[in-house]
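Q: I'm new to this one. Can you put it up and walk me through it?

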Amino acid sequence: MAEIKDFGNNFVVDREAPKFKLHNEEFECVKSIQGKVLLNLTTQVASDDPAKQAAMITDFFNYVLTDESYVRFDALLESKDRIVPVEALGEIVGWITEQLTARPEAQPEAS
């Protein structure tokens, strides 16, 4: 009989939700996102199609920001007065990705 590998079901992330400020507004991220979502976003950004790359930005923030923060963030990105250059969006995407994919530090073993 083949052995069964159990990968568990307790993938609760025990860390603070990342937050960032932009144009004096604070935005809150979720604590974690599905691995499949991250893989799909990575595929979009690696595409040679600029339309897919641009869509990734919208998808990314929709997945990683809380619903309330996403509504405000999207309004900010549509604002004609408060400009957010594409380079800043890239920095924010990179920082959030680091925060959400960082592995928790190993706890010291008991002596």
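Q: Which residue lies over the face of Phe7?
A: Lys5 does, at 5.3 Å from the ring centre. A charge counts as over a ring if NZ of Lys or CZ of Arg is within 6 Å of the ring centre and within 35 degrees of the ring normal.

Q: What should I know about the model itself?
A: This is a predicted model: local features need pLDDT of at least 70, side-chain atom pairs count only at pLDDT 80 or more, and totals for chains, interfaces and linings use all residues. Residues are numbered from 1 along each chain as its sequence is written, and side-chain values use heavy atoms, with hydrogens and water left out.

Q: OK, strands. How many bridges join β1 to β2?
A: 4, and the two strands run antiparallel. β1 is residues 19-22; β2 is residues 25-28. Strands here are DSSP runs (E, at least two residues), and helices are too (H or I, at least four), numbered from the N terminus. Two strands pair if DSSP finds at least two bridges between them.

Q: Which side chains of β2 are buried?
A: Glu25 and Phe27, which point to one face. Buried means under 20% relative accessible area, exposed over 50%, partly exposed in between (1.4 Å probe, protein chains only).

Q: New topic. How many aromatic pairs are there?
A: The structure holds 5. Rings of Phe, Tyr and Trp (its six-membered ring) pair if their centres lie within 6.5 Å; planes under 30 degrees apart count as stacked, over 60 as edge-to-face and the rest as tilted.

Q: Why is the pair of Phe20 and Phe73 edge-to-face?
A: Because their planes sit at 85 degrees, with the ring centres 5.9 Å apart. Phe20 lies in β1 and Phe73 in helix α3 (residues 67-78), so the pair ties together parts that are 53 residues apart in sequence.

Q: Is Phe73 buried or exposed?
A: Buried, with a relative accessible area of 1%.

Q: How many residues has the largest nonpolar core?
A: 20. Those with the most contacts inside it include Phe20, Phe73 and Ile96. Such a core is a set of buried Ala, Val, Leu, Ile, Met, Phe, Trp, Tyr and Cys residues joined through side-chain atoms within 4.5 Å.

Q: Which helix gives the most to this core?
A: α4, with 5 residues.
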